[in-house]
Every structure is written in C-alpha cells, then in structure tokens.
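Morning, everyone. Let me put the chain up and walk you through it.

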Amino acid sequence: MTASKPVQLDVARIRADFPIFQRTVRDGKPLVYLDSAATSQKPVSVIEALAGFYRTSNANIHRGIYELSEEASIRYEEARARVARFIGAARSEEIVFVRNTTEAINMVARTWGASRLRAGDVVVTTVLEHHSNIVPWHQLAAERGIVVRFVDIDDTGRLRLDQLETFLRNEPVKLVAVTHVSNALGTINPVREIARLAHEAGALLLIDGAQSVPHLPIDVRELSIDFLAFSGHKMLGPFGIGVLWARYELLSALPPFLGGGGMIRTVTTEGFTPGDVPARFEAGTPSVADAVALGAAVEYLEAIGLAAIRQHEVSLLDYALPRLAEIPGIRLYGPVGADRAGVISFTLGDIHPHDVAAILDTHGVAVRAGHHCTQPLMRRLGVTATTRASFYLYNWEADVDRLVAALREACRVFGVAG
Ligand SMILES: Cc1ncc(COP(=O)(O)O)c(C=O)c1O
C-alpha cells in the first residue's frame with residue numbers, strides 16, 4: 001500500500017470523522033470503500049444527531065403542546081430550512097421530505113403528472129437514467145396514454161442534445177426528466193442548457209439530483225430547475241430521508257400525493273381540504289430523526305464545502321483514470337473531461353463484472369457490479385453489466401492504488417492479457 005497523500009482536502013482528518021474506517025474487512029484488511037454512488041458512509045456528527053434525537057428530543061411533531069414535541073418540531077423545521085439554503089431554494093416550504101429520490105420522482109408523476117398530463121402528452125427522459133426516473137413515466141404511459149421519449153447518448157457517454165431539441169420542436173413535450181449526473185457513467189449533464197431548451201419549448205424540467213446534490217454545488221434557481229429529487233443517504237445522511245424540491249408556486253398548485261394525517265386543513269364526513277405545502281405532501285408521521293440527521297449531514301458538507309469536495313473528486317479521477325487505463329484488458333466507460341463525476345464504470349476482459357467485484361472484495365475493496373438500475377443504458381452500451389468504483393470526500397489515492405493492485409491481481413488470476 002502506498003503512503004496516503006491527501007489531494008486537496010485533509011482526507012486523513014475527514015476519515016477520522018467516519019467510524020466505519022476503523023473497522024477491517026476480509027481478515028483484517030483496511031476497508032477501501034468505493035461504493036458511495038450506492039450509499040455514502042456517515043460521519044460521527046450524523047450518527048450522533050440521529051441517536052441524540054432519540055436520546056434527548058424524541059416526540060412526534062407539530063401538534064404536541066408540550067416542550068419535547070415543540071423541540072422536535074423546531075428541529076425538524078430547522079433541518080428543512082438548512083436543506084433549503086443548501087440548494088439555493090427561495091423558501092424552506094419548497095422542501096418536501098420524502099424517503100428518497102425514487103419517492104420524490106414518483107410524487108411528481110403522481111401529483112403533477114396525474115393532474116396535468118393527458119393522452120399524447122410527451123415526457124422526455126434519457127437512456128442515462130436510473131430506473132427511478134424511467135419506471136414512473138412508463139407507469140403513467142400505461143395508465144394515461146402519455147408518450148415517453150428517450151434522448152440517446154453519443155459514443156462518449158454524453159447526451160445528444162440535438163435529439164432533445166428535435167423532440168422539443170416536434171412533439172407536445174410537457175416535461176423533461178433528466179439525471180444531473182449519471183450513476184453509471186459519471187456524465188455530468190449540462191442542466192442549465194437543458195433548462196433553457198425545455199423552457200423555450202414550454203416544458204418543465206425535473207432533475208434527478210441523486211448523484212449531484214452530494215457532490216457538486218447546486219443552486220436550483222441559478223440552474224432554472226422546476227423539480228429536484230435527491231436522497232439523504234448518498235450525502236452522508238441516514239437511510240429513509242430524501243427531498244423533493246419544487247418552486248413554491250408550482251408546488252402549491254399541485255394536488256396531494258398520499259392522504260391521511262398531517263396533510264389536511266379540514267376533514268368532514270363529506271370530504272377534505274388539503275393543507276398548505278409542504279405539509280400537503282407529508283402525510284402521516286414523517287421520518288423526524290432522519291430529517292434532523294440529514295440537517296447534520298448538510299452541516300458537515302457545508303463546513304468542508306461542495307466546491308472543495310468536487311475539486312477533490314476531480315483530483316482522484318485524474319489520478320485514477322490513467323492508472324486504470326494501463327490495466328490489461330480494461331475498458332473504461334463514460335466521458336473524459338470536465339463533465340465527469342467521480343464514478344468509474346469498467347469491464348475487464350471477459351471476466352464477469354460480478355467476478356471482478358468478488359475478487360476486489362477479497363482484497364477489501366468494495367465496489368458495485370451489475371446494471372446499476374440502468375438497464376436501458378447497459379443495452380445502449382452493449383453490455384449486461386459493469387463494475388463501478390465511485391469516490392467521495394473520504395477517498396484518497398491509496399484507495400485507487402489498492403483498486404489498481406487488486407485489478408491487476410484479477411487479470412493474473414483470469415489470465416487477461418493486454
Ligand atoms: C441517478 C440516481 N437516481 C436515482 C437513484 C435512486 O435513489 P434511491 O434508491 O435513494 O431512491 C439513484 C440511486 O442509486 C441514482 O443513482
């Protein structure tokens with residue numbers, strides 16, 4: 001193992017904040033965690049915020065008339081306000097707490113989609129998408145006869161914006177639903193440009209921010225987004241909490257999603273009137289402690305700075321890509337350039353990606369292998385699966401060195417030649 005050289009961030013200090021790195025895996029090997037695109041590790045401040053809430057502030061929120069409930073409500077709303085500031089929202093009521101990105105996108109399909117789309121209306125998405133930004137639109141197509149179009153990529157893994165323009169010019173497109181960053185190729189899509197094209201054609205823009213909000217500075221107003229979906233667990237927060245953001249005027253014109261407690265103004269035996277946003281979209285008891293812990297995650301990310309995190313991941317990519325490219329039989333996917341996030345998908349000779357991941361695991365290197373919930377993209381690339389390494393603020397060059405050494409070992413074991 002080479003000496004660990006922090007790039008821009010003080011990675012040694014950051015790693016000390018993440019208790020998971022104190023453990024070993026596979027008979028005493030230090031953990032090389034390269035699967036943050038699936039879920040991130042958690043700093044002690046987030047773990048403490050979660051445990052601390054249950055230890056000292058636990059009560060249900062919003063309707064309690066006693067100190068503990070008031071305190072829990074305040075902490076929940078403080079987390080909302082912090083998340084709102086983090087993404088440049090105009091007001092904290094624009095933040096709807098949901099479980100994850102998947103739920104946020106489904107909420108848009110079930111509220112905006114179900115109330116605004118008619119048979120023949122078009123939703124444009126792309127072949128880069130995670131299934132969570134495809135299946136809800138297929139469901140609406142089956143139920144309401146909307147049409148779903150897919151923008152292709154070019155051979156570098158970048159979106160064909162010319163195709164998007166053609167769809168927008170020739171078809172009744174009501175929504176463009178695109179991922180900001182591809183979880184399989186790392187492509188960073190030009191959101192500002194896509195927003196301009198969509199808006200010129202009178203369509204709204206939904207951005208899947210699952211892989212961007214944790215890694216890049218995001219300002220929803222500057223980017224001209226209409227809906228943004230993201231997951232807490234990929235940005236140092238706990239499982240079970242995510243966000244749908246939308247402009248206040250847009251959100252407050254939408255019908256509710258789930259019905260029940262918390263989302264109403266009045267209920268009679270004849271019917272109900274929905275409450276204001278965001279309560280209208282948060283039926284039932286929310287994940288209060290998870291939201292509070294997400295607030296702590298945002299606080300941690302802000303203290304380090306998203307620009308510094310992005311810079312760090314770029315440095316790791318610059319270090320990793322040429323070293324990986326020298327491995328016999330490797331094929332790297334995704335664009336090379338400034339529009340690449342810290343995600344590296346590859347195949348190694350004829351070795352099945354699962355076998356590659358299994359060998360890496362014996363070396364203590366945790367990566368993901370499979371279709372990454374992007375089956376249309378895999379088909380477009382002509383593969384059934386890839387192996388994927390993904391970086392975050394706690395990774396360093398030593399992790400890349402261990403990855404490269406373990407891949408070279410896999411080549412030896414399977415007899416892959418250059
Ligand atoms: C780009 C992208 N979108 C959506 C999702 C779904 O996220 P979740 O499972 O947290 O809903 C993921 C998860 O990997 C993702 O990478």
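Is β10 mostly covered or mostly open? β10 is mostly covered: five of its five residues are buried. Buried here means 20 or more other C-beta atoms within 10 Å of the residue's own, exposed means 12 or fewer, and partly exposed is in between, with C-beta atoms placed from the backbone. Strands are DSSP runs of E, at least two residues, and helices are runs of H or I, at least four, both numbered from the N terminus.

Some housekeeping. This is a predicted model: local features need pLDDT of at least 70, side-chain atom pairs count only at pLDDT 80 or more, and totals for chains, interfaces and linings use all residues. Residue numbers start from 1 along each chain as its sequence is written.

Stay on β10. G242, L244 and A246 point one way, V243 and W245 point the other way, and all are buried. In a regular strand the side chains alternate between the two faces of the sheet.

Now the neighbours of β10. Strand β9, residues 227-231, is joined to β10, residues 242-246, by five bridges, and the two run antiparallel. A229 stands opposite L244. S231 has G242 as its bridge partner. For pairing, the rule is at least two DSSP bridges between two strands.

Zoom out to the sheet. It is open, with seven strands in the order β4-β10-β9-β8-β7-β5-β6, and its pairing is mixed. The edges are β4 (95-98) and β6 (147-151), each pairing on one side only. From one strand to the next, the twist averages 20°. Helix α5, residues 135-144, packs on this sheet and touches β5 (122-126), β6 and β7 (173-179). The direction of α5 makes about 145° with that of β6. Axes are lines fitted to C-alpha atoms, for helices over the stretch in contact, and angles run from 0 to 180 degrees between N-to-C directions. Contact means C-beta atoms, placed from the backbone, within 7 Å.

Four strands, open, order β13-β14-β17-β16, antiparallel pairing. Its edge strands are β13 (330-333) and β16 (368-370), and each pairs on one side only. The twist averages 30° from one strand to the next. β13 is joined to β14, residues 343-348, by four bridges, and they run antiparallel. I330 stands opposite L348 in β14. Helix α11, residues 306-325, packs on this sheet, where α11 touches β13 and β14. The direction of α11 makes about 145° with that of β13.

On to the ligand. Which residues surround the ligand? They are A37, N100, T101, T102, H130, S132, T179, N183, D208, A210, Q211 and S231. The cut-off is a C-beta atom, placed from the backbone, within 6 Å. What classes make up the shell? Two residues are nonpolar, nine are polar and one is charged. Ala, Val, Leu, Ile, Met, Phe, Trp, Tyr, Cys and Pro count as nonpolar, Asp, Glu, Lys and Arg as charged, and the others, Gly among them, as polar. Note S231: that residue surrounds the ligand along with the others, and S231 is also bridged to G242 in β10.

First up, a cis peptide bond joins V277 and P278, with omega about 5°. P278 is in the loop between β12 (272-274) and α10 (288-304). Next, D27 has a positive phi, near 60°, in a residue other than glycine. D27 lies in the loop between β1 (24-25) and β2 (29-30). Why does D27 count as exposed? Because D27 has 7 C-beta neighbours inside 10 Å. Then H372, not a glycine either, with positive phi near 55°. H372 sits in the loop between β16 and α13 (375-381). H372 is buried, with 23 other C-beta atoms within 10 Å.

Last, the whole chain. There are 14 helices and 17 strands. The radius of gyration, taken over C-alpha atoms, is 22 Å, close to the 22 Å that the globule rule gives for 418 residues, so the chain is as compact as a globular protein of that length. That rule is 2.2 Å times the number of residues to the power 0.38. The C-alpha trace spans about 70 × 55 × 35 Å along its principal axes. Of the 418 residues, 49% are buried. Among contacts with a separation of 6 or more, 72% come from residues 24 or more positions apart.

Definitions and conventions:
Two residues are in contact if their C-beta atoms, placed from the backbone, lie within 7 Å.
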